[in-house]
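Subject: Structure handover

Hello,

Here is the structure for you to open alongside this email. My notes on what was found follow below.

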Amino acid sequence: MTKPSLPELLHAAVAAVGGTERPGQVAMAEAVAQAVDDGTHLLVQAGTGTGKSLGYLVPALAHGDRVVVATATLALQRQLVERDLPRTVDALHPLLRRRPEFAMLKGRSNYLCLHRIHEGVPQEEEDGLFDPFEAAAPTSKLGQDLLRLRDWSDETETGDRDDLTPGVSDRAWGQVSVSSRECLGATKCAYGAECFAEAARERAKLAEVVVTNHALLAIDAIEGAPVLPQHEMLIVDEAHELVSRVTGVATGELTPGQVNRAVRRAAKLVDEKAADQLQTAAEGFEKLMELALPGRLQEVPEDLAYALMALRDAARTVITALGGNRDRSAQDEDAVRKQAMAAVENVHAVAERIANGSEYDVVWYERHDRFGASLRVAPLSVSGLLREKLFADRSVVLTSATLKLGGDFNGVGASLGLAPEGVEGEDLPLWKGIDVGSPFDYPKQGILYVARHLATPGREGSRTDMMDELAELIEAAGGRTLGLFSSMRAAQAAAEELRGRLDKPVLLQGEDTLGELIKTFAADAETCLFGTLSLWQGVDVPGPNCQLVVMDRIPFPRPDDPLMSARQKAVEEAGGNGFMAVAATHAALLMAQGAGRLVRATGDRGVVAVLDPRLANARYGSFLRASLPDFWYTTDRNQVRRSLAAIDQAAKAGA
């Protein structure tokens, strides 16, 4: 029997999911297949509606080697495992004459821990464990959640938190899960043979397609101990998120509360001298943190360096003592010891990292109204790490609706550790970028309107002219507005102001769960939804109820953001343009994601309005506009109001 061709396979898969084959999807599938055959790397920009999941799944399954697919969001992970993969495998089975297995793999803390369920949780004040199920009042929300979790542990086949509906609070889940550092290990745990996390790993080892998330991919790359099974091909979906997720995993933090918890957990398990040493170091650190002012530390001050070295040395002493001492009076003493060890090892690792003061790290203080001060450390860049760990020994495909910024892939490529496209060298991964377009006719379906007549937004202060403009646009659109704001304060101020001015419902992020807010917004044409960052990427409302997407200003990073400003400065010191490489690229990515909320289906019509004149007037404006979908562009406020009113009338007529 002849091997089925890629177009045949793609056709069968598209028919199975009830989709329509698109030229962009075909081009993407062919490029992915070519990259895997050649052992090279590929960046693919595939606009909304292209059907990019099948564009990479079909060639990956056809190739036959194990593939890891890493996504940023839970929603896409679930879509792949529950919808796209089962249908695609069923459709390709007769043609491939094999049925590829697939599995989902997440970090250990996403799975229920049977040891915690049956033996209890290590407690901090006394030796031993306590039973959270007995301790929590059954009438309290926590108590009800815990009882439900205990019942669920007897029914669930996966133990995966995301399979529990309705969900439970982080606090309740924390009582029944462990991090990888706290885990006893399958061989030492009485429940190792039934462990949900171990079962998920075993399923992944046997699967041809393993679906995971960016965070686990980062842990696999950074920590050296492989979490993912060996694979020949890596596909990174929502790849525009990868750098920030990897940075998050590589960021360390120390707070007085966290250090004191480590002291309490370890104190009863080691001799008095070791416990006192850690307690004294913790007190010294806490005193310093009371005086900490937010901002970057260009160099670690002498008093902080002494406090960190004291913490590091005391933590090392406790780790040694924990390794040697055995206190058999503690019930299930291994679990208590393991949790204490995990807490102290984390303090040791972060204190040592900051005290060592690497030129490749950025250190800063942060202050939170609720949590007090924290000391944080993050890598100045993750590009070297990604180049070394991501692109070695396998073919990598990175895809997203927004990878081409300012007209090419080089900006995103540089953040991933790649040389400009076409540049070859001994240690430089060979890659190419393709833009397979979108099935949407952006110039006909959407308008990009820049309110050129408004005053340039300042750091703080009210923007009366912006509020007037926003109110007029919403009135013209008949509601139907998604407001994307650069800060929560700006979103709250706009919601407060417009609730007083308009007779349209205005929903605000934070006043209900994101899922409920989006559901309400999608159900009512007159409703507006205002919010900040997570709305820029998480809203999918096709149809007439989202016809105006408003951005209050260009979302540059805050000038006092320690990590972004350090990255910008590093580019400048290397002779590059720091503002364009860091701030403008960050803004372009967010704006492209935000503008992508408007057109989600072939029948959608509407306006993306940017209430920041710099997009029209500033030199970098053309770079930002080139990163957005190719909408019809105008700065004519009257034209835009007429268009919105016409779109509103058409939607009402069609309702």
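A residue counts as buried under 20% relative accessible area, as exposed over 50%, and as partly exposed in between (1.4 Å probe, protein chains only). Helices (H or I, at least four residues) and strands (E, at least two) are DSSP runs, numbered from the N terminus.

Two points on the source. This is a predicted model, in which local features need pLDDT of at least 70 and side-chain atom pairs count only at pLDDT 80 or more, while totals for chains, interfaces and linings use all residues. Residues are numbered from 1 along each chain as its sequence is written, and side-chain values use heavy atoms, with hydrogens and water left out.

Strand β1

Start with β1, residues 41–45. This strand is mostly covered, with 5 of its 5 residues buried. His41, Leu43 and Gln45 point one way, Leu42 and Val44 the other way. In a regular strand, side chains alternate between the two faces of the sheet.

β1 has parallel partners (two strands pair if DSSP finds at least two bridges between them). It is joined to β13 (residues 431–435) by 5 bridges. There, His41 stands opposite Trp431. β1 also pairs with β12 (residues 395–400) over 4 bridges, again in the parallel sense. Leu43 faces Leu398 in that pairing, standing opposite it.

Axes are lines fitted to C-alpha atoms, for helices over the stretch in contact, and angles run from 0 to 180 degrees between N-to-C directions. Contact means heavy atoms within 4.5 Å.

The axes of α1 (residues 6–16) and α3 (residues 52–63) come within 10 Å and cross at roughly 125°. That makes α1 oblique to α3 (under 35 degrees is roughly parallel, over 145 roughly antiparallel, 65 to 115 roughly perpendicular, the rest oblique). Leu6, Leu9, Leu10, Ala13 and Val14 of α1 meet Leu54, Val58, Pro59 and Ala62 of α3. The residues of this contact are 9 nonpolar, no polar and no charged. For these classes, Ala, Val, Leu, Ile, Met, Phe, Trp, Tyr, Cys and Pro are nonpolar, Asp, Glu, Lys and Arg are charged, and the others, Gly among them, are polar.

α2 (residues 23–38) packs on α3 at about 35°, with the axes 8 Å apart. Residues of α2 in this contact include Met28, Val32 and Asp37, and those of α3 include Lys52, Tyr56 and His63. By class, the contact has 8 nonpolar, 3 polar and 2 charged residues.

The sheet of 7 strands

This open sheet runs β16-β17-β15-β18-β19-β14-β20, with parallel pairing. Its edge strands are β16 (506–508) and β20 (632–634), each pairing on one side only. Neighbouring strands are turned by 20° against each other on average, direction ignored. β14 (residues 446–450) and β20 pair over 3 bridges. Ile447 stands opposite Trp632 in β20. Helix α24 (residues 578–595) packs on the sheet, touching β15, β18 and β19, and its direction makes about 160° with that of β18.

The sheet of 4 strands

Here the order is β8-β11-β10-β9, and the pairing is antiparallel. β8 (252–254) and β9 (295–296) stand at the edges with a single partner strand each, so one side of each is left without a neighbour in the sheet. β10 (residues 361–368) and β11 (residues 372–379) pair over 8 bridges. Val362 stands opposite Ala378 in β11. Helix α13 (residues 272–290) lies across β8, β10 and β11, running at about 95° to β11.

Best wishes
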